[in-house]
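Trainee: I would like to learn how to read cores and disulfides in a structure. Could you take me through it step by step?

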Amino acid sequence: MVPWVPVGIYFLLHFSGQVWESLATPPINAVAQSQSAAWGRDFRRALLDVGSHSHFQIWMNKTATPLALGILQTVAPQLYESVFPQLQETSAMKVSAARARPIGSLSSMSTAPSFLQLRGSATAKVGLTTHAMNADSARQMLNKIAEESQMKLDMEAMKCADAHDKQEAMTEGVRRDSGDYNAQAAQARARMLGTQMGIAEFEDKLPKLNEALKLHRSKCEDDTRTLKVQIEFVVKDLRTLQGIANLTECGINLGTALLQCPQPIKVGRHAANFVTFGHHVLRAKVSHLRSKTAMIALQKALNEVVAATPHVAKLVKRRQLIHQSHKQRYSQPPTNRAREGTLGLSLANATRRLAFTRRHEHPSLVSRGRRGHMALLREAANSGHVAGDPSGQRRQCIIRSSPTCDTLRDKFLVMQTSVADKADAMQDSLANIESSCKEIEGNYKAQIEEMQNRLQDQQAALAEATKSTIEADEQTRLIGQTLARLQQETQRAAEQCNGNLHALTQQICSVKQIRGELYKMETQRPFIQDCEVSAWVPEECSLSCGGGTQRLVRSVVVPASLGTKCPPLVMQRRCNEHQCPVDCSLDEWGGWSSCSAQCGGGIKERMRVVLRQPSGGGKPCEAVSQSASCGSNACDQDCSLSSWTPWSLCSKACNSGFQERERRVLKEATGQGSCASHDSPVRRQYRRCNEQHCIPAHGEGLRCKSKLDVVVILDGSGSIGEDGWQATKKAGQALVRAFESEELQVAVLLYSGPASWSAYQRCTQNVESVDLLQDCGLIWVSHFTTGVAQLASNIESLAWPKASTLTSAALATAEAELRMGRADAQSIVIAITDGKAMNPRKTTQAASRLRAKARLMWVPVTRHASLANIKHWASKPIADNVLVVQEFENLSKPANINQIVAAACPQVE
């Protein structure tokens, strides 16, 4: 064995790569390292290319001793202690100098003796023997170096795998975050689109609503202004009529003769003749009337006055004959004649008619002036024709005899109350219009305010969505940059790991090659088997996220024989160090917004806030806004009715009563939807019951046996006449006697009305000093009582008020009396009247209030009673609560009294 082998082993091992990295002592300087690296590469190339002993010797002869000694300072301690003392004794250099002085440049080493030149002298001087370090010792050392390199290789592979996993996890996390932010940006853009559509819709509707509100205000202003003007005219005309009424009062020396012209007009629904005053002062007053209401009321009053004057039938017949003759002779009316069927109430129209007559007067009478004209009219009235018109077929005005003061006063008072009633109705209409306009305007304003609020909400939502979009886009941009850096770092780390792993693998391979080459140099061929193990098998990580531990195991495939020992078969490493997934956290849903439409289909929305964004692959956020349909019901929806109630008890014990049933309103109509009235057949039905005739048990009259509180109202107005007054008293006495029972209470109210316009104003206005008897004509014969006999006697002694008919006040007074009634008794009010109420509108209101508390029956007498109004005032069914008597002379007959008692009382005998 040659003595230089140990030193060669060292040099071969050193220059085979980075084998001695972990075993090196303090490093040499940079020049020595670079020279050693170049030297090692040359050696490896020579050894690997040829691999022969001769080539190795050639290479060793070229190696300078200073370089070899410098390299020895980096070898393992055990190798250094074995080789370096031998070289120290044979070398001309001192070891101390070699350690103290750094290795010089290549030029200084070029003159130094080669390493092999010292071999012979070193061997001779120190007697270096072949057993100093043989091939087996070198193999053991090489095996140890290979084992350490294998350990490094395992650690490096594990480190690279961990680094790769971390980089992949980070990259995947960044990609997930990028996806999350992209999703957030998409959602925000979707919200932006939705809010932009909502903003466009509201910005389109708001101007239309404002324009509709403007038009509504304009229309309301026009309507109220027009109605106020009409009210002003009616109020002025009412004062004018008051002036006319004052001039026609008894005792005033002013003629009240009337002129009745055969010009047909329409007063309300009835045809009448034009009537005016004969006195020019009164005609001048009439000419100041402006409103159609006052004109119609005046003509109605004057026609009623004419009808009440003596010989009415004869004069009216003559007028009709004259008018028919005129129509037959003249097919075309004069151009200055007013159109038939129209109301020509102004003084100008009346003057034109009188002027037409005056143009045909006798010349001798023209100079008579106004008195002559009136005389001519009287003559014409007596002769039936106008002077100068031999045919007597020209139209003419007839002078009527002066009516009585009482008749004129009563008719004019009714006229004034009707005009005042119309003025009140117009005031109510004005109030209703103003209230309706205010309500509709409020609805418009509410819609505009709601739409403005929703527009602001949409604008705020748009701003929030825009902010979210910008933030998400910025995060996406930053994450993109981060992802690019991670990919670059991953690529660099992979290149570095591959280089390190490749270097360690080459080192192990070089050691094993040198180990075999050494045996070849000693002409030995031992079988060397290194331990072979399987690949690592990872077990499950202890944690799925947040950093756990993982156990790696591998098994021995081939055990070692003179080769390297088996590396560790078990290893632990960190695993799943990525962040645990964090799910999205959302706040509670906010309240629903108002519906975009109350009917016809709308949308309502609600939103919630993201409290925590998802991360680490956590559950993404669900929707942060929701919309739902609302207001799907039709805008024009009819009311909803309940099922029919059971049939009620029969209203009468006999004489054919009624049972009724009804359907109640469950839900009111909306929009333009309709709902039948409470008394329509759709909601209320009747059927006959107890149709047998009533047979009185005692005499001719029925007796009531039910528990009732009865208020009897007797009409004492002047319009019923003397005979009517006597018949009314008899009927009242008979009626109260029929209610003689311990279970019944009876009250009797006699009413008429005010005798003058000033009294009417005191009765109908808020005046403290009002006398119900003197001013309003209201007389309580008796309040609720069971003393029927005395009550009948009191009725007999009543005096005839002979005034107007203030029915509304009578109903309101009866309503006040019902407060004194019994809670367990049925209340009923029976009104006997000729049906000519002074104030129909107020009577309607009073009847409506009274029906809410009691049953209201009417007994209208004479053919002139206003049945249409009375049916509207009465309770339902009409057949049980409106009992018509044609003449006053029949009112007190037992049959009619029994009919009233049977209708009012459910139990009779």
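Mentor: Let us talk about the nonpolar cores and then the disulfides. This is a predicted model, where local features need pLDDT of at least 70 and side-chain atom pairs count only at pLDDT 80 or more, while totals for chains, interfaces and linings use all residues. Residues are numbered from 1 along each chain as its sequence is written, and side-chain values use heavy atoms, with hydrogens and water left out.

Trainee: Which residues have the most contacts inside the largest nonpolar core?

Mentor: The general idea is that in soluble globular proteins, nonpolar side chains tend to be buried together. A nonpolar core here is a set of buried Ala, Val, Leu, Ile, Met, Phe, Trp, Tyr and Cys residues joined through side-chain atoms within 4.5 Å. Buried means under 20% relative accessible area, exposed over 50%, and partly exposed in between (1.4 Å probe, protein chains only). The largest core has 61 residues, and Phe277, Phe412, Ile713 and Val829 have the most contacts inside it. Its largest share, nine residues, comes from helix 16 (residues 405-521). Helices (H or I, at least four residues) and strands (E, at least two) are DSSP runs, numbered from the N terminus. Another core, of 43 residues, lies apart from the largest one, with Cys654 and Phe888 among its members.

Trainee: How many disulfides does the structure hold?

Mentor: A disulfide is a covalent bond between the sulfur atoms of two cysteines. The cut-off used is a pair of cysteine sulfur atoms within 2.5 Å, and the structure holds 12 disulfides. In one of them, the sulfur atoms of Cys220 and Cys437 are 2.0 Å apart. This link is left-handed, with -100 degrees about the S-S bond.

Trainee: Which parts does the pair of Cys220 and Cys437 tie together?

Mentor: Cys220 lies in helix 9 (residues 135-247) and Cys437 in helix 16, so the pair ties together parts that are 217 residues apart in sequence. Cys220 is buried at 10% relative accessibility, and Cys437 is buried at 11%.

Trainee: Is the disulfide of Cys704 and Cys905 left-handed or right-handed?

Mentor: The torsion about its S-S bond is about 80 degrees, so the disulfide of Cys704 and Cys905 is right-handed. Cys704 is in the loop between strand 16 (684-689) and strand 17 (708-715), while Cys905 is in the segment after helix 24 (894-904), 201 residues apart. Cys704 is buried, at 0% relative accessible area, and Cys905 also counts as buried, at 0%.

Trainee: Is Cys566, the partner of Cys531, buried or partly exposed?

Mentor: Cys566 is partly exposed, at 34% relative accessibility, whereas Cys531 is buried, at 9%. Their sulfur atoms are 1.7 Å apart.
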